[in-house]
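Have the sequence and the model open as you read.

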Amino acid sequence: MKVDVLLGLQWGDEGKGKVVDVLTPRYNVVARFQGGPNAGHTLEFEGKKYVLRSIPSGIFQHNQVNIIGNGVVLDPILFMEEAIDLEKSGVDIKKILKISRKAHLIMPTHRLLDAANERLKGDGKIGTTGKGIGPTYTDKVGRYGLRVGDITSNFDQKYAAAKQRHLVLLNALGETPDIAQLEARWMEGIEYIKQYDIIDSEFFINKQLAAGKSVLCEGAQGSMLDVDFGSYPFVTSSSTVCAGACTGLGVAPNKIGEVYGIFKAYCTRVGSGPFPTELHDETGAEIRRIGHEYGAVTGRERRCGWIDLVALRYTIMLNGVTQLIMMKSDVLDGFDTIKACDAYEIDGHITRDFPYSVEEGITPIYTEIKGWKTPMSHLTSENQFPQEFKDYIAFLEEKLAVPITIVSVGPDREQTIIRS
């Protein structure tokens, strides 16, 4: 057996959580491979809305094993709060969730360092969520990190050493924090984590594959936020592309099967950083209003714009995408004309390749497509699609050279259409 990978192709917030929830019944195992509680995966069903931050989005199907992989960074406080909320909703989470021994822990001082570093950047700030993600990954790469497996091995000594190092850094930045209250709550989270099955996830997943079990790997954020290939330095701190599933779960490259690439019918971005097709007019505001484009974790307004095919072709190439999934198609129901950026003009030259530097001076070159002007949120099959929407799908498939196999026409899991 091979693992299938599901990830975002834009700047995050593409709707990965909903699709994982929809696809989970096909799989025995769902495993999250990177990111932390800065990623909010929103799911809606049976009239209720849930936002998952660290826990895989397959958790609501109740029978599948869910894994927090080694590539994830875990905040014990936020994890505990999220898990307890799920328990209240009827999920027997301790029975079906496993945590990698090699996942790194977000410490209280990581969050303080995150805020202090962001303040130092001034006008050049990246726009982090302040959850301590960057400093935790920095410690991981610098070989100072504290891992879930350390909880049962000289933990007090390891924690004290890591905290002291952070306090020295904070003092050098002019910070003298009192972390006693936050630290006490954090230690409650550590005790809570001990109630879960802590595993060597790389062995577990590979043994599942050897036994013929199916595995879905869930990514966080989006490919355009990848630390290597995204719009650097306005990126996240982990590998959000398909290769991240290999390092974030211990899966060999030859074990990758289908790669589901998720994108919105338009584009959004949260925080700072380049966004070539961003709309600063009434159209952008209207997309935000109709699409309820506000961060699931931060509540911040998302910047909105037309779909960017230059960026999409780039991320499809990087990930080896085999199937595309288009989200929020219904948001564009009321527009007379839909635009798609198929090329950039940079210094008088036309390019269809995503450039090294995405700064001022890029002019998107748009193709205009007739809008469908038909409400689609009630549709239940591909046969009901208006012709103009079928034309939009055909246009995208031609430009992207990958089939669109799933179309979402609303936030609920039932508003998902599998194309034949």
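## Ground rules

Helices (H or I, at least four residues) and strands (E, at least two) are DSSP runs, numbered from the N terminus. Residues are numbered from 1 along each chain as its sequence is written. This is a predicted model, where local features need pLDDT of at least 70, side-chain atom pairs count only at pLDDT 80 or more, and totals for chains, interfaces and linings use all residues; side-chain values use heavy atoms, with hydrogens and water left out.

## Ring pairs

Rings of Phe, Tyr and Trp (its six-membered ring) pair if their centres lie within 6.5 Å; planes under 30 degrees apart count as stacked, over 60 as edge-to-face and the rest as tilted. The whole structure holds 13 aromatic pairs. One of them, Phe155 with Tyr159, is stacked, at 6.1 Å centre to centre and 25° between the planes. These two residues sit 4 residues apart in helix α6 (residues 155-172), so about one helical turn separates them. Phe155 is buried at 7% relative accessible area, and Tyr159 is buried at 4% (buried means under 20%, exposed over 50%, partly exposed in between, with a 1.4 Å probe and protein chains only).

Trp306 and Phe335 are edge-to-face because their planes stand at 75°, with centres 5.9 Å apart. Trp306 lies in the loop between β13 (303-305) and β14 (307-308), and Phe335 in the loop between β15 (323-327) and β16 (337-346), so the pair ties together parts 29 residues apart in sequence. Trp306 is buried at 6%, as is Phe335 at 12%.

## A cluster

Trp372, Phe385, Phe389 and Tyr392 are linked into a cluster by ring pairs.
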